[in-house]
Amino acid sequence: MSRVSEVKALQDQRIKEMKERFKKEEVSDSKRVELMIQNMTQTLNDISFTLAMIADKK
C-alpha cells in the first residue's frame with residue numbers, strides 16, 4: 001500500500017468513526033467542531049509526514 005493510500009485510508013477511518021460517534025451519542029455543536037478540527041489536524045500531520053518522506057527519498 002502506498003503512503004498516499006495509507007493516509008486516505010486513515011482519513012476515511014477517522015471520518016467513519018466520527019460519524020458513528022455523532023450517531024451514537026448526543027454531541028454538542030462545540031464538541032462536533034472540536035472533533036472535526038482534531039480530525040483535520042491529524043490529516044494535515046499525515047500529509048506533512050508523507051511530504052517529508054517523499055522529500056527524503058529525493
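Helices, in what follows, are DSSP runs of H or I with at least four residues, and strands are runs of E with at least two, both numbered from the N terminus. The model is a predicted one, so local features need pLDDT of at least 70 and side-chain atom pairs count only at pLDDT 80 or more, while totals for chains, interfaces and linings use all residues. Residues are numbered from 1 along each chain as its sequence is written, and side-chain values use heavy atoms, with hydrogens and water left out.

Start with the overall picture. The chain holds two helices and zero strands. Its C-alpha trace spans about 50 × 20 × 5 Å along the principal axes. The radius of gyration, taken over C-alpha atoms, comes to 14 Å, whereas a compact globule of 58 residues would sit near 10 Å (the globule rule is 2.2 Å times the number of residues to the power 0.38).

Then there is the surface. Of the 58 residues, 21% are buried, where buried means under 20% relative accessible area, exposed means over 50%, and partly exposed is in between (1.4 Å probe, protein chains only).

Asp46 has its place in helix H2, which covers residues 29-57. Asp46 counts as buried because its relative accessibility is 13%. Leaving aside residues up to four places away in sequence, Asp46 touches Arg3, Val7, Leu10 and Arg14, a contact being heavy atoms within 4.5 Å.

Charges come next. Lys and Arg count as positive and Asp and Glu as negative, with His and the chain ends not counted; each charge is placed at NZ of Lys, CZ of Arg, CG of Asp or CD of Glu. On that basis the chain has 12 positive and 10 negative charges, and their mean positions are 4 Å apart. Side chains of opposite charge can pair when their charged atoms come close. The count of salt bridges comes to four, each being a side-chain nitrogen of Lys or Arg within 4 Å of a carboxyl oxygen of Asp or Glu.

One of these joins Asp12 to Lys8, with the closest N and O atoms 2.9 Å apart. Both residues lie in helix H1 (residues 3-24), four residues apart, or about one turn of the helix. Asp12 counts as partly exposed because its relative accessibility is 37%. Over in helix H2, Glu34 and Lys31 are three residues apart, again about one turn of the helix, and their side chains meet in a salt bridge at 3.5 Å, N to O. Glu34, at 46% relative accessibility, is partly exposed, and so is Lys31, at 29%.

Glu25 also takes part in a salt bridge, its side chain meeting that of Arg21 at 3.6 Å, N to O. With a relative accessible area of 40%, Glu25 is partly exposed. Beyond residues up to four places away in sequence, Arg21 touches Val27, Lys31 and Leu35. The C-alpha atoms of Arg21 and Arg32 are separated by 9.8 Å, the two residues being eleven apart along the chain.
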